[in-house]
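This briefing goes through a multi-chain model by topic. It is meant to be read beside the sequence and the coordinates.

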Amino acid sequence: MNEVVSAIRLVPLEHYVMLSFALFSIGLAGMLFRRNTIIILMCLELMFNSVNLLLTAFSAHHSDPGGQVFVFFIMLVAAAEVTVGLAILVMMKRNVDSVDIDQLNRLRW
Amino acid sequence: MLTLFYLFAAISVLCALVVVAARDPVNSVIALIVCFLSIAGHYILLNAQFLAVVHIIVYTGAIMVLFLFVIMLLNLNKATEPQRSLATRVAAVVAGGLVLLTLLAAVRHGISVEPARDFDIGTGLVRSVGRSLFNEFLLPFEVSSVLFLSAMVGAVMLGRREKNPQAA
Amino acid sequence: MVSAQLLAPLVPALPLAGAVIIAALRRRLSGHAAGLLATALIGGAFLCSVLLFLGFDPAGGAQVAHLFDWIRVADMRIGLAFQVDALSLTMMLIVTGVGTLIHLYSIGYMHDDPRQSTFFALLNLFTFAMLLLVMGANYAVTFIGWEGVGLCSYLLIGFWYTNPAYNYAARKAFVMNRIGDVGFVLGLALVFQVFGTLDYTTVMERADTFATGAPALTAITLLLFVGAIGKSAQLPLFTWLPDAMAGPTPVSALIHAATMVTAGIFLLVRSSALFVLAPLTQDVVLYTGLVTALCAATIGVFQNDIKKVLAYSTVSQLGYMFVALGLGAFSAGLFHVTTHAFFKALLFLGAGSVIHALGGEQDIRRMGGLRSATPSTYRTFLVGTLAIAGIFPLSGFFSKDAILAHAYQYGPWIYALLVAGAVLTTYYMFRLLFLVFFGSYRGQAHPHESPAVMTAPLWVLAVLSVVGGALNLPHLFGGHEPMKHFLATAASGVGLEHLHLSALLEWSLMGFSTALVLLTIWIAYGRFAKQATLDPEADALPVPQRWAARKWYLDELYERLFEKPYGWLSTNLSALLEQRVMQPLMVGVGGTAERIGELLRRVQTGNLSTYLFAMVAGLLLFLFLTLNGL
């Protein structure tokens with residue numbers, strides 16, 4: 001038992017926090033960096049995963065399965081979101097023949 | 001252990017950077033898959049075995065394949081890839097860097113977390129996650145099926161070809 | 001008792017259901033079906049009331065059926081609750097019982113009206129509101145009903161809305177009622193401030209802790225009485241009631257004779273524990289009632305519209321009831337409410353039958369000799385007239401005599417004035433009777449008797465008018481005043497009544513008033529029974545009579561006193577405030593918002609990347625501020 005505990009505790013929680021921050025920031029920068037809507041969606045997934053990682057890390061260190069259940073739900077939502085997002089993307093490609101996010105500018109005054 | 005962590009961390013960060021920087025969308029997807037696999041490695045390091053498996057199945061197996069599939073369907077490649085101007089790209093990097101900086105500044109004094117007293121080594125295994133899911137979180141779990149159903153219907157509705165070509 | 005908790009909410013629920021169903025289906029439901037449904041539901045409510053009455057134990061005190069908390073703020077807790085006690089049961093039986101008969105009658109009376117379903121929906125809604133009023137366990141619920149009946153009264157007076165005069169009458173009734181309602185609301189607020197609750201039982205219990213004549217109680221009772229003045233058409237707010245005769249006749253019978261206008265009396269009896277402790281208010285009630293009774297009676301003598309005569313008679317009789325309340329004879333007042341509901345509903349329905357027979361004619365100068373053409377109507381109308389005149393042994397005799405006896409005990413001159421009022425009442429009622437049913441026919445239309453659906457309620461009401469006196473048979477006639485003892489369990493003021501006149505004195509008082517009434521009938525018979533010529537118009541009358549015929553110029557007085565200055569003020573304020581101040585202000589505010597919007601809408605570029613950047617900037621700012629402890 002102690003082996004498992006000490007194995008988990010070997011990596012400090014701060015490390016996970018920083019790793020997840022880094023992934024989150026990269027995802028965020030990527031969303032601004034790219035014009036391809038698919039890549040933007042992928043960056044979104046990246047940000048989801050950084051949060052998932054953080055939740056899991058805290059859950060493991062607290063020995064509370066609730067955090068991991070939350071990760072599970074985030075995965076559910078992400079799956080649903082990707083389904084609809086990609087469907088919209090296909091529609092967009094079909095209608096304006098582009099996946100450039102700057103083409104989606106009709107919602108304005 | 002720590003070595004493994006650093007290895008996985010390096011892979012994830014590098015791959016994440018590749019996702020953002022790659023010109024070819026297919027490369028981005030491949031990099032993201034590798035990144036997710038390394039995150040699954042992190043899960044295993046954290047003894048979250050159930051999540052690691054689900055993560056690989058859902059993300060790598062389903063979502064990323066879906067991405068790849070759409071990219072191929074739409075025939076996206078390096079040539080059609082739209083690019084931002086240099087100024088915007090710099091602004092994007094600066095913005096991301098600032099966010100990272102601010103977040104890191106938030107934890108610069110470390111995080112004080114009380115270690116759990118009664119540590120359960122089963123945490124993260126299928127049994128404990130399943131217990132939690134079907135006791136405390138039963139209702140959200142059931143409700144999420146409605147979410148899936150509506151997402152499915154939505155996707156079908158969106159993907160349907162317009163009968164009237166005028167509408168396109 | 002379990003059944004009271006279940007039955008009590010059912011009583012108002014049935015008419016409400018009727019109103020909702022008929023209103024929802026009024027395009028699909030035939031008018032006849034709507035009438036039957038409405039009547040059946042009110043009849044159901046009557047049955048429930050009877051069951052409640054039979055299962056009610058007077059010694060057990062009030063039973064409260066609490067449905068839910070309606071308002072709960074801080075320590076104020078107002079529930080939607082119904083109180084079943086002797087007083088509310090009496091009123092419930094009157095409202096649903098007389099209401100059922102009038103609904104039934106309306107099926108015949110309204111049978112060729114195109115908006116029959118609407119009529120029945122409103123009539124049901126009215127009954128619901130009235131039941132809420134009398135069954136409420138606190139002032140707040142009573143107030144909902146109070147406003148509800150006011151609204152239905154407005155809608156039903158203006159039922160034939162294509163006639164502008166009727167609309168005007170409806171508005172007048174509504175506005176005059178509002179004046180009274182302000183008093184009621186203020187009284188409510190004061191009750192809450194003084195007692196900390198609006199529940200009747202608690203308020204009446206705590207009233208005992210106040211000394212007689214306490215200013216707080218005097219203020220509360222005066223304000224409640226202002227509300228009663230508006231609703232029960234007393235001076236100076238009675239002018240709406242005669243105009244309210246614009247509504248269909250069943251409405252006049254139900255709302256403006258039998259039930260709604262007695263709401264004021266009900267309120268005072270309900271609050272009798274407060275009133276007995278406020279002698280000043282009791283005097284105000286007494287004299288208001290007295291003056292109204294006489295004033296309305298004098299006007300009634302000169303009216304030529306069959307319904308107007310009855311309307312002024314109603315005002316006058318309501319005045320008698322208030323006199324009774326002012327004398328502290330609460331049970332006598334409520335007894336008169338009951339008998340009045342019987343014979344005045346009967347008279348109104350009889351008048352409606354006459355109007356129906358003559359195809360809409362309401363002027364008694366163009367009637368006459370209808371005795372043979374409409375025998376049922378004539379006989380029942382005669383019973384009603386004898387009852388209101390107070391002929392032994394009809395119900396009106398007992399209820400009026402109870403008031404007169406109390407008046408004599410208080411002061412013989414009040415007794416004398418009330419007897420004078422009774423003589424006037426007899427005079428104009430028999431004038432009406434003789435002009436309509438005796439002599440020769442002076443109109444053009446061909447009179448015909450009404451259908452059985454209309455005459456049947458007349459007969460039922462006639463029987464009630466005859467035997468109604470038994471409800472509170474005085475000791476003198478071998479009874480033991482059952483209604484008084486019944487009511488004493490609910491209204492503590494009733495328990496304080498005591499009449500100690502010698503039997504001989506009572507006999508002579510009765511004999512005196514009866515003799516005068518009989519003499520008056522003889523005079524009226526001589527003057528009107530064989531009349532062939534028409535009465536002169538009001539302007540042709542000599543001076544004192546002309547004033548009375550012109551309603552003592554009350555409407556004109558109000559116009560001078562309130563309408564004209566108000567109109568002047570409105571015109572000037574419109575020119576000054578509206579045009580010069582409010583208009584530029586409003587236009588300025590709107591214009592500024594528009595200009596700001598014009599500027600801000602440029603931010604919405606539609607470009608998602610821009611939004612993303614803005615979002616990240618906002619996130620950064622937020623994080624930065626949070627981490628800096630702001």
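The model is predicted. Chain C has 26 helices and two strands, whereas chain B has six helices and zero strands. Of the 630 residues of chain C, 51% count as buried; of the 168 residues of chain B, 27% do.

**Composition and contact range**

- Read from the N terminus, the elements of chain B follow the order α-α-α-α-α-α.
- In chain B, 54% of the contacts with a separation of 6 or more are between residues 24 or more positions apart.
- In chain C, 81% of the contacts between residues at least 6 apart in sequence join residues at least 24 apart.

**Interfaces with chain A**

- Chain B contacts chain A through 72 of its residues, which meet 65 residues of chain A.
- On the chain B side, α1 (2-21), α2 (25-45), α3 (49-74), α4 (86-106), α5 (126-135) and α6 (138-159) each give two or more residues.
- That side of chain B is made up of 53 nonpolar, 14 polar and five charged residues.
- Between chains C and A, 10 residues of chain C are in contact with 11 residues of chain A.
- The chain C side that touches chain A has four nonpolar, five polar and one charged residue.

**Nonpolar cores**

- In soluble globular proteins, nonpolar side chains tend to be buried together.
- The largest nonpolar core here has 204 residues, and those with the most contacts inside it are Phe126(C), Val323(C), Ala345(C), Ile403(C) and Val436(C).
- Helix α15 (residues 330-357) of chain C gives the largest share of this core, 16 residues.
- Beyond its neighbours within four places in sequence, Val436(C) contacts Ile306(C), Val354(C), Ile364(C), Met367(C), Gly368(C) and Leu370(C).
- Another core, apart from this one, has 75 residues, including Leu13(A), Ala60(A), Ile63(B) and Phe67(B).

**Helix α6 of chain C**

- Buried positions in α6(C) include Ala169(C), Lys172(C), Asn177(C), Gly180(C), Phe184(C) and Phe195(C).
- The buried residues of α6(C) pack against α5 (139-157), α7 (200-207), α8 (215-231) and α9 (240-243) of chain C.
- After α6(C) comes Gly196(C), with a positive phi near 75°.

**Strand pair of chain C**

- Strands β1 (residues 63-73) and β2 (residues 76-84) of chain C pair in the antiparallel sense over nine bridges.
- Opposite Asp69(C) stands Gly79(C) in β2(C).
- The hairpin of β1(C) and β2(C) has two residues between the strands, and Ala74(C) in this hairpin takes a positive phi near 50°.

**Phe512 of chain C**

- Phe512(C) is placed in helix α23 (residues 503-528) of chain C.
- With 15 other C-beta atoms within 10 Å, Phe512(C) is partly exposed, because partly exposed residues fall between the exposed limit of 12 or fewer and the buried limit of 20 or more.
- The C-alpha atoms of Phe512(C) and Val419(C) are separated by 9.1 Å, although the two residues are 93 residues apart along the chain.

**Backbone geometry**

- Most residues other than glycine have a negative phi, and most peptide bonds are trans.
- The peptide bond from Leu235(C) to Pro236(C) is cis, with omega near 0°, and Pro236(C) lies in the loop between α8 and α9 of chain C.
- Phe392(C) and Pro393(C) are also joined by a cis peptide bond, with omega about 0°; Pro393(C) is in the loop between α17 (375-389) and α18 (395-410) of chain C.
- Ala233(C), not a glycine, has a positive phi of about 55° and lies in the loop between α8 and α9 of chain C.
- Ala233(C) counts as buried because it has 30 C-beta neighbours inside 10 Å.
- Asp97(A), also not a glycine, has a positive phi of about 55° and is found in the segment after α4 (65-96) of chain A.
- Asp97(A) is exposed, since 10 other C-beta atoms lie within 10 Å.

Technical notes: Residues are numbered from 1 along each chain as its sequence is written. Chains are lettered from A and ligands numbered from 1 in the order in which they are written. This is a predicted model: local features need pLDDT of at least 70, side-chain atom pairs count only at pLDDT 80 or more; totals for chains, interfaces and linings use all residues. Two residues are in contact if their C-beta atoms, placed from the backbone, lie within 7 Å. Helices (H or I, at least four residues) and strands (E, at least two) are DSSP runs, numbered from the N terminus. Ala, Val, Leu, Ile, Met, Phe, Trp, Tyr, Cys and Pro count as nonpolar, Asp, Glu, Lys and Arg as charged, and the others, Gly among them, as polar. Two strands pair if DSSP finds at least two bridges between them. A nonpolar core is a set of buried Ala, Val, Leu, Ile, Met, Phe, Trp, Tyr and Cys residues joined through C-beta atoms within 7 Å.
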